[in-house]
Amino acid sequence: MEDKELLGFAADEDVSISKIAMKYGWTGTKLNEVLHDFFIIRHGIEGNTDWCLTDDYEGHGYSVMAIAVNSKDGLEHKYMLWTAKGRRLIYNLLKYEIGIIPESATEYKEKLKKEKLKTTRRKKS
């Protein structure tokens, strides 16, 4: 599978764990727990970082850190985005260690449509 096609994201696109997890029908929390169980990620040492790569994976191009500023208090929050190389790592881990593959593009598009409908319905209520 080409990096540009891996999980349906462009090769140069850095992606959140939630978007990757959605391809498997999971939440970002569940995928983070799996990656933690396999010692790929750990809880951040700094108070403003949720997750970071373990020392064995750090510095190999699997992820990049992004910063968001909380609009309420102005504090910075760091979070990880996964590169194409990181998505390949996740794909291979889930495929060969757990035996699951992502949903097809059609299933994924249907899920997105349903999520959009739920959001629209909530806003109208």
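## A residue in helix α2

Is Asn 32 buried or exposed, and what is its relative accessibility? In this predicted model, Asn 32 has 9% relative accessibility. Buried means under 20%, so Asn 32 counts as buried.

You can find Asn 32 in helix α2. Leaving out residues up to four places away in sequence, Asn 32 touches Ile 17, Ile 41 and Trp 51.

## Helix α3

Now look at helix α3, which covers residues 84–98. With 1.5 Å for each residue, a helix of 15 residues should span 21 Å. After α3 comes Gly 99, which has a positive phi, near 90°.

Which residues of α3 are buried? They are Ala 84, Gly 86, Arg 87, Leu 89, Ile 90, Tyr 91, Leu 93 and Leu 94. An α-helix has 3.6 residues a turn, so residues three or four places apart point the same way. Keep that in mind as you find these residues on the structure.

## Where α2 meets α3

How do α2 and α3 sit relative to each other? Their axes are 12 Å apart, and the helices pack at an angle of about 75°. Angles of 65 to 115 degrees count as roughly perpendicular, and α2 and α3 are therefore roughly perpendicular to each other.

On the α2 side of this contact are Leu 31, Val 34 and Leu 35, while α3 brings Ile 90, Leu 93, Leu 94 and Ile 98. The residues of this contact divide into seven nonpolar, no polar and no charged.

## The hairpin of β3 and β4

Let us turn to the strands. Strand β3 (residues 63–69) and β4 run antiparallel and are joined by seven bridges. To place them against each other, find Ala 68, which stands opposite His 77 in β4. Six residues lie between the two strands of this hairpin, where Gly 74 takes a positive phi near 75°.

Leu 53 belongs to strand β2 (residues 51–53). Its relative accessible area is 2%, so Leu 53 is buried.

What does Leu 53 contact, if neighbours within four places in sequence are left aside? The answer is Ile 40, Ile 41, Arg 42, Glu 58, Tyr 62, Ser 63, Met 80 and Trp 82. Leu 53 and Val 64 are 11 residues apart along the chain, and their C-alpha atoms are separated by 9.9 Å.

Technical notes:
Residues are numbered from 1 along each chain as its sequence is written. This is a predicted model: local features need pLDDT of at least 70, side-chain atom pairs count only at pLDDT 80 or more; totals for chains, interfaces and linings use all residues. Side-chain values use heavy atoms; hydrogens and water are left out. Helices (H or I, at least four residues) and strands (E, at least two) are DSSP runs, numbered from the N terminus. The expected span of a helix is 1.5 Å times one less than its number of residues. Buried means under 20% relative accessible area, exposed over 50%, partly exposed in between (1.4 Å probe, protein chains only). Axes are lines fitted to C-alpha atoms, for helices over the stretch in contact, and angles run from 0 to 180 degrees between N-to-C directions. Angles under 35 degrees count as roughly parallel, over 145 as roughly antiparallel, 65 to 115 as roughly perpendicular and the rest as oblique. Contact means heavy atoms within 4.5 Å. Ala, Val, Leu, Ile, Met, Phe, Trp, Tyr, Cys and Pro count as nonpolar, Asp, Glu, Lys and Arg as charged, and the others, Gly among them, as polar. Two strands pair if DSSP finds at least two bridges between them.
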